[in-house]
Amino acid sequence: MPTTTGADAVTDEDRHGNQLRDRRCRRVTKLVEPIPPELFLGGYPPAIRMIAERLCAVVRQAVPDAIERVRPGWRLIGYDVPLGKRSKYFAFVSPEVEHAHLGFQYGVWMADPDHLLRGAHLKLRKVRYVTYRPGDPIPEAALVNYTRDSAALAYYGPYVD
């Protein structure tokens, strides 16, 4: 038994019980099934869903080994580049009711020869993105290059002078 008394006293049993509960919570978290991107996108208007699907296809074409995962709390589909046993977030597809975004986590360090990237006007520190509405042309070849740049930055880190 501990030598202190009152609310500050913590017994070995309490510590052990909390550790067991923490382990059980971690186990339960891992059992939650991921949401398929198709199911996530099913809640959006058909035109937005089509744009988002095309943007997802761009990411898969650019970085075939990317890990695709719906992040419901952020309301987007996130992409990670594998780094051994870990992975690093590098891009996202974010549908909204009127448009969809393809975003790049390290976009501030990316070359933008086509002047497509947005986000500086919002004073975003690192993220840059492109936005498409129904009927907008989507320059898939350019977006593949942007996506590859973003994955390389996540993998190797930004080059800073």
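This is a predicted model: local features need pLDDT of at least 70, side-chain atom pairs count only at pLDDT 80 or more; totals for chains, interfaces and linings use all residues.
A residue is called buried when its relative accessible area is under 20%, exposed when it is over 50%, and partly exposed in between (1.4 Å probe, protein chains only). Residues are numbered from 1 along each chain as its sequence is written, and side-chain values use heavy atoms, with hydrogens and water left out.

Helices (H or I, at least four residues) and strands (E, at least two) are DSSP runs, numbered from the N terminus. Two strands are taken to pair if DSSP finds at least two bridges between them. An open sheet is formed by 5 strands in the order 1-2-3-4-5, with antiparallel pairing. Strand 1 and strand 5 are the edge strands, each pairing on one side only. From one strand to the next the twist averages 25°; axes are lines fitted to C-alpha atoms, for helices over the stretch in contact, and angles run from 0 to 180 degrees between N-to-C directions.

Strand 3 (residues 86-95) runs antiparallel to strand 4 and is joined to it by 5 bridges; a hairpin connects the two through 4 residues. Strand 4 also pairs with strand 5 (residues 128-132), in the antiparallel sense and over 5 bridges. Gly103 in strand 4 stands opposite Phe92 and opposite Tyr129 in strand 5. Leu102 stands opposite Val130 in strand 5.

Arg69 belongs to strand 1 (residues 67-71) and is partly exposed, at 43% relative accessibility. Contact is defined as heavy atoms within 4.5 Å. Apart from its neighbours within four places in sequence, Arg69 is in contact with Leu76, Ile77, Gly78 and Asp80. Arg69 and Tyr79 are 10 residues apart in sequence, and their C-alpha atoms are 6.4 Å apart in space.

Helix 3 (residues 46-62) lies across strand 1, strand 2 (76-83), strand 3, strand 4 and strand 5, and runs at about 25° to strand 4. Its buried residues are Ile48, Ile51, Ala52, Leu55, Cys56, Val58, Val59 and Ala62. These cover an arc of only 150° around the axis, which puts them on the same side of helix 3; the arc is that of the directions from the helix axis to the C-beta atoms. Pro46 and Met50 are exposed on the other side of helix 3.

Rings of Phe, Tyr and Trp (its six-membered ring) pair if their centres lie within 6.5 Å, and planes under 30 degrees apart count as stacked, over 60 as edge-to-face and the rest as tilted. The count by this rule is 5 aromatic pairs. The ring centres of Phe40 and Tyr44 are 5.8 Å apart with the planes at 65°, so this pair is edge-to-face. Phe40 is buried at 14% relative accessible area, and Tyr44 is buried at 16% relative accessibility. For Tyr106 and Trp109 the ring centres are 6.2 Å apart and the planes at 35°, so the pair is tilted. Tyr106 is buried at 10% relative accessibility, whereas Trp109 is partly exposed, with a relative accessible area of 38%.
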